[in-house]
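My entries follow the structure.

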There are 2 protein chains.
Amino acid sequence: MSTAFAPLKNDTFLRALLRQPTDYTPMWLMRQAGRYLPEYRATRAKAGSFMGLATNPDYATEVTLQPLDRYALDAAILFSDILTVPDAMGLGLSFAEGEGPRFAHPLRDEAAVRALHAPDLAKLQYVFDAVTQIRRDLNGRVPLIGFSGSPWTLACYMVEGGGSDDFRLVKAMLYDRPDLMHHILSVNATAVAAYLNAQIEAGAQAVMVFDTWGGALADGVYQAFSLHYMREVIRQLKREHEGVRIPSIVFTKGGGLWLEEIADCGADAVGLDWTVNLGMARKRVGHKVALQGNLDPNVLFAKPDQIRAEVERLLNSFGAPAAGSGHVFNLGHGISQFTPPESVTALVESVHQISRAMRGGH
Amino acid sequence: MSTAFAPLKNDTFLRALLRQPTDYTPMWLMRQAGRYLPEYRATRAKAGSFMGLATNPDYATEVTLQPLDRYALDAAILFSDILTVPDAMGLGLSFAEGEGPRFAHPLRDEAAVRALHAPDLAKLQYVFDAVTQIRRDLNGRVPLIGFSGSPWTLACYMVEGGGSDDFRLVKAMLYDRPDLMHHILSVNATAVAAYLNAQIEAGAQAVMVFDTWGGALADGVYQAFSLHYMREVIRQLKREHEGVRIPSIVFTKGGGLWLEEIADCGADAVGLDWTVNLGMARKRVGHKVALQGNLDPNVLFAKPDQIRAEVERLLNSFGAPAAGSGHVFNLGHGISQFTPPESVTALVESVHQISRAMRGGH
């Protein structure tokens, strides 16, 4: 099926991930298909609910492509949610209006943990159908990124039953019953790897693991309970599909202190949040991985001149591109729903123009 | 007045802050006087409200001393709130039951920012009265810590009008109108320094600056908008009072990547959250400052044996004490209101016993 896809016209993003020379710094934005766009809000209204949007391949395709029609972004990312996997495990995901996600059956005792199994991938067919449809409709414009939450980040929601600001329940289990926590993480790692491999088979050209809550863990605990299982996911991933390399990205928000260890996990690229100095990060990882990031999304509330100045500061911090290093520009977290869409225009133009000029282009 | 205070019986905490030898690792807990203690909840009920508690020196003294009666802690910390200073600036602080703090008059436009001035310290006399009364009632048992929020952390609440999970308003002002943000921070730095100096004059024997939200800032921005103003506070602080050194501690939660720069700000000690490896931190700061931290408060939801194992891991990570280095044991954030009080017993005993044994004591 995927052999029928159109050839790729803009491979800048994939080249940067593989630390190959590029004419400019490619960019995309976490949550680029989202509420800050009026056209997204219109589709979301048609779909009736967030899950109605995410589970319908037509709608998912529509919103995935919307930001590409507005902006010269260098990658598309599947519109979905990281909690589709635990939902398929039977935890009962719902999104109450104006609140975060909720699981009807969180993992709160040993019996629930022991009953956990990697899901039947057939329950996630709507995701793979969306991947294939998006890839087809992209028609080779830019590559398509597939993604999943990390084993630890999924576990946070699965035990807490929703969002949390102190991770009390999941960390209580981690410290009090590490055996149960390791069981959850081991099941999650198997599930995430299978889920990402199925996205690759359906048409994803790169994959990213979002470890949104790894930075909430203590030193030593992060390595054993989050990074270890991301390494396990990466180890099980298809490195190529139909003869084409499929680069992988891992992103632990708040993981800057552990950058050397993260860069050693087998992924091709590491995402960084805005607390990390890009130039220092580049020195710390050497030629081991490409880097992705790391503008504070709140910069987009400033005027175009200031957005441009922050972009310049960041690109200068990374420094002149050289053989063996790679940089994908992104935010350090998802774009805010309150972002003025015209700020993104200024951002994309700045990144492309300044990075092209740094390479001696025009 | 303060010359009438009883001589100090246990100066282990102050010695560790000044990197002098100690028989064991001293400890206290952020938010040690708090909701996890039934006796605190009883006083809180008598006071009627959080502000009723914080503004009454008798009640403030009562709750400050409560954890010392239960546990062999090596320091007391003034019971108060970091938002007393902006409240005294006229922003109108209130605490709605079950919600966080709220300001009636947040700083949302240029006129409000330009009208901001450091407060008349007379409006904070209830704090200084509490300090003196606590110091007197401590009767020399352990030293008393005074504290304030950092200029940036105060600014977050002053602009947002309360808590925030994305700091959208305060960062929008920072990026869009850095001149206004610098004005707020400059006023805050003056106010915080005067506030801490008045606490020292009232009887505080060490002071701590809580930069709870510095870690939300981007690299480069943190240095210019948070650390710069903490350095300004430290520079204006009384280094001694009536011939006795008053050590200072700064704590940026999430600031581990900037440790070398923080250690250079003039404070005697630097607080660390649990993401930082204590042994590596010690190497990074050398003999420049003492370190304070950094157990994840959620460890206290495990059983005593596991609490003890985590304490041992942490003390071993810092390593054997040596001349010129100092460690004060603490959590990496405030203790959770859900903590079982008996977990703190296990924690205090573990820290004291293990650290004494590491020094060859019994």
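What should the 18 residues of helix α15 (residues 341-358) of chain B span at 1.5 Å a residue? I get 26 Å, and the end C-alpha atoms are 26 Å apart, so the two agree. I took the expected span as 1.5 Å times one less than the number of residues.

This is a predicted model: local features need pLDDT of at least 70, side-chain atom pairs count only at pLDDT 80 or more, and totals for chains, interfaces and linings use all residues. Residues are numbered from 1 along each chain as its sequence is written, and chains are lettered from A and ligands numbered from 1 in the order in which they are written. Helices (H or I, at least four residues) and strands (E, at least two) are DSSP runs, numbered from the N terminus.

Next I checked burial (20 or more other C-beta atoms within 10 Å of a residue's own, C-beta atoms being placed from the backbone). Buried residues in α15(B) include Val344(B), Leu347(B), Val348(B) and His352(B). The helix's buried residues pack against α14 (304-318) and β11 (327-331) of chain B. After α15(B) comes Gly360(B), with a positive phi near 80°.

Then I turned to the pair of chains.

Last, I looked up the contact (C-beta atoms, placed from the backbone, within 7 Å). Chain B gives 28 residues and chain A gives 28 residues. From chain B, α9(B) supplies the largest share, five residues.

Terms used. Buried ≥ 20, exposed ≤ 12 C-beta atoms within 10 Å, placed from the backbone. Contact = placed C-beta atoms within 7 Å.
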